[in-house]
Amino acid sequence: MQQPQRSVSANLDAYEAVFTALAKYRPGSILSTRDVLTDIRQLCPSCEHTDEELVGFIVETLTGQTIGVCFDHRDAA
């Protein structure tokens with residue numbers, strides 16, 4: 001299955017939003033994917049990425065760091 005094509009600009013904006021949203025977390029922290037996704041959507045309202053794609057960006061960004069991730073973005077609000 002081929003992934004939908006997105007502009008490089010949209011990807012950069014999404015990555016910038018992910019980095020900005022993660023900046024407040026320190027080693028030993030536990031972050032909520034629901035909270036981080038909310039922050040990302042506020043920082044980049046035009047982001048076309050799905051929540052699952054953004055969670056992938058979050059995990060990719062945190063690889064090798066000592067920040068825990070609570071995957072709660074699918075829980076009922």
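Guide: A salt bridge here is a side-chain nitrogen of Lys or Arg within 4 Å of a carboxyl oxygen of Asp or Glu. The model in question is predicted.

Visitor: What is the general idea behind such a pair?

Guide: Side chains of opposite charge can pair when their charged atoms come close. In this structure, glutamate 52 and arginine 74 form a salt bridge, with 3.1 Å between the closest N and O atoms. Glutamate 52 belongs to helix H3 (residues 51-62) and arginine 74 to the segment after E2, so the contact ties together parts 22 residues apart in sequence.

Visitor: Is arginine 74 buried or exposed?

Guide: Arginine 74 counts as exposed because its relative accessibility is 66%. Glutamate 52, at 39%, counts as partly exposed.

Visitor: How many salt bridges does a search of the whole structure find?

Guide: The search finds 4. One of them joins the side chains of aspartate 39 and lysine 24, at 3.1 Å from N to O. Aspartate 39 sits in helix H2 (residues 33-43), while lysine 24 is in the loop between helix H1 (8-22) and strand E1 (30-32); the two are 15 residues apart.

Visitor: Which relative accessibility does aspartate 39 have, and how does it count?

Guide: Aspartate 39 has 19% and counts as buried, since buried means under 20%.

Visitor: With which residue does aspartate 72 form a salt bridge?

Guide: Aspartate 72 pairs with arginine 34, the closest N and O atoms being 3.8 Å apart. This pair links distant parts of the chain, 38 residues apart: the segment after strand E2 (68-70) holds aspartate 72, and helix H2 holds arginine 34. Aspartate 72 is buried at 9% relative accessibility, whereas arginine 34 is partly exposed at 33%.

Conventions: Residues numbered from 1 in each chain as written. Predicted model: local features only at pLDDT ≥ 70, side-chain atom pairs only at ≥ 80, totals over all residues. Heavy atoms only, no water. Helix = DSSP H or I, 4+ residues; strand = E, 2+ residues; numbered from the N terminus. Buried < 20%, exposed > 50% of the residue type's maximum accessible area, 1.4 Å probe, protein only.
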